[in-house]
Amino acid sequence: MSNRTLQATPKGIELAKRALERKHLTQKALAVELLIAAWSTINGFFTGKAISRSIFMDICDTLELDWQEIVGLKTESDTITSAVSDESIANLISETISTTSYNLPPSDELFAATERSAARARAALNPYILPPIPRETLLSKCLKEIRAGALENKRRIVPILGAAGYGKSTILGSIYDKLHAEQTESDSGWLALARCDDLIESAETFALELGEKISGKRQSIVEIARQLTTQQNRGILLIDTLDIVLTKPLVTVLRGILSQLLEIGTTVVFTCRDTDYSNFFEPYHESFAGFRESVSDNCKITPFTTEEVRTAAQEFIKTQPGFNTLASQQSFANQIIALSADSVSLQEIVCHPLLLALLCDLFAAEETVPEDLTVSQLYEKYWDWKIAKVRHNLQSEHLSLAKQKLCLKLARLMYENSGDRLRDFVYEGDLDLSETEFSAYNSLKSDGIFKDLGGKRSGFFHQTFLEYTVARWMNTSETGERAKNQLKYDLIAAKIADSKYYIWSIFRQLLTLLSLPEFTQISDELDTTKILPFRAVTFASVSRTEPESSAVLLSLLAIALIRDYSFQETLLAAARGAPQRHREAVLELAVQLLGRVGPELINKAAETAAELLARVPATGPANLELPGEISQFDRALAAIANRQSQITENNSQWQTTENKRQSQTTENKLRQERYQIWGKFIGVFCENYANKRTDKIDLEILESLKTYYFHFGGNVRSTVIELYLTPGVPATVQREFLLTIISQPISEQFKEQENTTKLLGHLLPNFLAAGDTLFGTTWQDALRAPLGKYWTAVSAAAVGRAAASDTPLLEAILKSTFSDILPRDIGDLTGRNLAAITSAIHSGVTDLVAASLLKIPIETIPANRASTITLVFRELAIYGNGLHPLSTELQLALVQWIVPAIERAPIEFIRAIDALANNRSIEQLLAEILEQLLPTLPSSQTAQILKKLNNVPPGLEPYLQKNADSKEVRSALVKLYRQQAENTADSSNDKTLTSADSSNDINVSGFEQ
């Protein structure tokens, strides 16, 4: 136990638990309600772990216990317990006998005050509704950056960035827990935590306020950090929700504070909304002048993954009545995931921790989730359920109305007291509540809508719900109406200060609540050539319930096309997240952007258009105006094709003025860019259409893809063929497509070969039965089909796959391959047959191919087919070493089959046996054959055989040693010894190898090393 920690004895824990019961408290109440410390610290106290001395004393104080008795310094009879050694008792007495929570030495007092303040702040970082779930990858990434400062003595500022409600505070709480445990164990360093919920009086006093928040002293945070560092070594300052106090003047003040803290050696970590971070701190080299390299802004909070959604939903639902079994918990989580897979608007909710919490809280009892829910609708439903409670009879109408009015009143007070930042709390002493309002206030706190913030202050459970409530107040009350009209006037007249960014979040919520005529009017009056009003109108238009509201997007498109990147990106983001009711408008928007955006946005445009088009067939309900009207899918393909034509035209003048090589380089580059765009668009479309839908693929889509097929690169062509292989596509459609593509050249790298082979293999039996194609009426006809060079390989592979399950066909192909009849096209036919045999082998029938080959008498095979036998043996060996090994019996049989013919083609047939020589029995047999054969051959043939051996059998070593006067023999010896050294890691042969070759014509230095 260190100087800074205390630890309860088993008897002390018993006394504490009794005191807890006597006061009708729980451990959770100590952490969450009384805000004494974080849950992990409270739990540590009651499980006998060492915790902060000051917090230990606070817990004992609250439970009216003598802390010395709990740690075992004295018992109820004032005798020392035997559980504590005399030495440790003496140490404890010397350290703490005069120390109480009110009388600490100055150094300990500051440290204790910092710890108490941090513990209280930590209790407020727990997530709303959802139990916290581990996000270890994200947590580890943040901790790595923080430890680089705290432990490696590097200068570090670590912003933790993310959208509102993404769980930044929750992650910061987890970071605090990890760091607190590490520092308690190491007994070194300091850790402070502050929330910005009741700051700031002014930018000029921010350093004092932050210091006071942490230590209780009205001193600058820089001075507090300096004192703590002197006493405890380097420390870490954690600041939560910096965004709620950010103003432009504060950025300048912060730069000075951060610079001084870095000089002291303090690592600073703060959470901030990503939009506020960029809005206030850009350009970063100015905001962080002098220490930009120390700011590590790579810690970005990402949306929940599918597995995190599943875990969070299950953890929540298990706390609800009626979900006691794992099966019921999994069913609820799986329903949320299944629905969100088909609804992007719902995806955006479930991947957002706060919104997922609201969703679970709302719909758990109903065990169902609306499919086309948006964020605005979610807040509205949450209001109805948790405040108005219109769908059940859990409260009187009188209380319901009082709660609604009080929420609007509190939102008004916060809004009216806001300046450069949105005020997110009220002082309870300023409320002056009536009896009815007091009941409503308690009910709101009980339901979690309102929460205590400390310092006799209260606020809504999250800033985003406050923004919604302010917008609702403006739209549903007389005082709000006046504020709304003033806000509209100020925004239209551009009188709102740039620093009041929070206004736009409220205004966007307001735009979703207004009537459609009022929304349309305001949208027309706002200056949407500026990004903030542009974003507000764009996202509100697709959040509203009326399909007509998204008509405004086309007028916004005209603005975006002449503005910069951020305008077009805003439209793409809104289009992607729009619910189905706005499908027609966002499809038109996405298709037009697909043909117009610059290279920095083309991938995002292709993804967005593809995802939207994948949700409905190309000939869906939106396409009923005129017969034969071009579908949106066709228009998207045309947009990409025309876009590429424009690029080519824009570069044509340059191409004609430069030399031919530069022109060709440019053309290749443009072609690759085209392939990438097609690949992104078709790939995303197929992933979302073919892989997520259960209905048959739309034949109009296939027809469109066939039209543009020869624009595509190999990967996209392969994907298109895969779509044609989708179950349910008529054979006539597949036939027409296949006959079209095999009549044209392949792509550059022929990446479509495999899927083309599958398609032909699927159709070939019907082709042969019909007899009306160039493939004839038999499998042998198909092998001889008059096709282009690369298409013959496809035909042969398809026939070979069929032969893998048709033994007579396989035997016929082998017989044709090794026949002594020599047709005119013997070279071409042998090549096609060999391709078919190879395909059969790759289909897994190695034993069948070997057995069929053995049926052909070796003496009937012409000598000019010896190399073909070698190729077949090699394929059998290579594929036989994989998933479908060739049996040892058949390997030996193949060698014995070929031995009688060796003298006719010794070089090729030895190579054939060599291909199988990984088998020890065949390796020995090869050595015997070579020992007998080599002395009888001309030296030129001997040299070729030895030179081409892949495996030099050890049994051949005596012959090689005896005939080492030949260069080829010495090379074979080198190869043999290298094999032995690699297999046994024995270098004892180095000397022998060197003596075997005393000449300089073979370099063995690499082997000797």
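Let's start with the cysteines: this structure has 0 disulfides. Keep in mind as you look around that it is a predicted model. Below are some notes on its cysteines, one of its sheets and its nonpolar cores.

**Cysteines**
- C299 takes part in no disulfide, and the nearest cysteine sulfur, which belongs to C142, is 3.7 Å away.
- Is C299 buried or exposed? With a relative accessibility of 0%, C299 counts as buried.
- C686 is buried too, at a relative accessible area of 8%.

**An open sheet**
- Five strands line up here in the order β4-β5-β6-β3-β7, and their pairing is parallel.
- Which strands form the edges? They are β4 (190–195) and β7 (299–300), each of which pairs on one side only.
- Inside the sheet, β3 (residues 157–162) and β6 (residues 267–273) run parallel and are joined by 6 bridges.
- To find this pairing on your screen, look for I157, which stands opposite V268 in β6.

- In soluble globular proteins, nonpolar side chains tend to be buried together.
- The largest nonpolar core here has 224 residues, and L359 and F681 touch the most other members.
- Helix α18 (residues 353–363) gives the most to this core, contributing 9 residues.
- Beyond its neighbours within four places in sequence, L359 is in contact with I336, L346, I349, V350, V369, L373 and L378.
- Another core, of 49 residues, lies apart from that one, and its members include A8, I42, I160 and I236.

Key:
Residues numbered from 1 in each chain as written. Predicted model: local features only at pLDDT ≥ 70, side-chain atom pairs only at ≥ 80, totals over all residues. Heavy atoms only, no water. Disulfide = S-S within 2.5 Å. Buried < 20%, exposed > 50% of the residue type's maximum accessible area, 1.4 Å probe, protein only. Pairing = 2+ DSSP bridges. Helix = DSSP H or I, 4+ residues; strand = E, 2+ residues; numbered from the N terminus. Core = buried A, V, L, I, M, F, W, Y, C linked by side-chain atoms within 4.5 Å. Contact = heavy atoms within 4.5 Å.
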